[in-house]
Amino acid sequence: MKVIVPVAGKGTRLRPHTHTKPKSLVRVAGKPILGHLVDRIRSLPMEELILIIDPDESKEASIREFLGATAPVPVRYVRQTELKGPAHAIFLAREYIDQDVLIIFNDTLFDADLSQIETHQSDGMIWVREVEDPRRFGLIELRANRIVRLVEKPEVPPSNLAMIGMYYLKDGPALMQRIERVMQEGRTVKGEFYLPDPLQLMLDEGYQLEAAPVQGWYDCGTIEALLDTNRVLLENGHQRVVDTFESVIIPPVCIEAGAHIRRSVVGPYVSIASQAVVEHSIITDSIINEAATVHDALLQRSLIGEHAFVKGGYKRLNVGDSSVVQGE
């Protein structure tokens, strides 16, 4: 199996943090988003992991460094120089797809039983989740547990089953051929090529695709969503605590080795990375990144970047890497 993960998105809704790092390396609950994804697919029978990446050399280097230490299989990097939509991003890997393929978009994290990939009898699977406002999502329509129609963000939803951005096809080359046809015919949604169109072609030609439910679906696309996902992950096993000095820790939290917590109250729902320093502060529902310093602060629902320095009685902050915020 080949696994394709597009990570070339600019992550504009996570700025200022994505000014200095790829969106996929923004941290939540103790590790980068990409690290959580790799953990979820680590046990699969993968032959190769293919990342569709931004042409920015510094961002590519940081992803290479991270995956060089964590990836369970060889990694291939394909640069995306034009942003023409999700299907176009997948198509960039066409020359390397000669077998079954799993596609995972890195905007969200999931909890799902991926062992179904090895046991199901159809031509592929699309992972879905019931949603309250289906007009915001790409949706599937089912008939006798088989997918019969896919539609992207419809005004009149045919169901409330949203595609979460994970797809498995036994015939990977066939998918690439349908993407090419869609692009040649210019089938776009707001100027971009999406996967529902080529997948619908496969359905119309007799391919059978199953809907696979996920137990959890966690958005990491905005600051608010990232903090919400941090809460959920901490509640579900991503906890860690190291020794602190004259401090009160209120779980769940993830405090990594090398962090220094002194005379502070930390938690609940706080992630603090290695080499961060927190002194004389009260922090709840926040993420403090590597080597950041928080001193004499009251923080809630805050995201503090790497090597940032925060001092003062603030309530809520979004501070990028290597920044300084200091009260009077």
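What volume does the second largest pocket have, and which residues line that pocket?

Modeller: This is a predicted model, in which local features need pLDDT of at least 70 and side-chain atom pairs count only at pLDDT 80 or more, while totals for chains, interfaces and linings use all residues. Residues are numbered from 1 along each chain as its sequence is written, and side-chain values use heavy atoms, with hydrogens and water left out. The second largest pocket has a volume of about 230 Å³, where a pocket is an open set of points, on a 1 Å grid over the protein atoms alone, with protein on both sides within 12 Å along at least five of seven lines, and a cavity is a set where a 1.4 Å probe fits but cannot get out. Grid points are joined across faces, edges and corners, and the volume is the space filled by probe spheres set on them. Lining residues, those with an atom within 4 Å of a point, are here Lys21, Pro22, Leu25, Arg27, Pro32, Ser62, Glu65, Phe66, Glu290 and Glu306. By class they divide into four nonpolar, one polar and five charged, with Ala, Val, Leu, Ile, Met, Phe, Trp, Tyr, Cys and Pro counted as nonpolar, Asp, Glu, Lys and Arg as charged, and the others, Gly among them, as polar. Helix H2 gives the largest share of this lining, three residues, and H2 (residues 57–70) likewise gives the largest share, three residues, for the largest cavity; helices (H or I, at least four residues) are DSSP runs numbered from the N terminus. That cavity has a volume of about 70 Å³, and Pro22 is one of its lining residues.

Note on methods. Helices (H or I, at least four residues) and strands (E, at least two) are DSSP runs, numbered from the N terminus.
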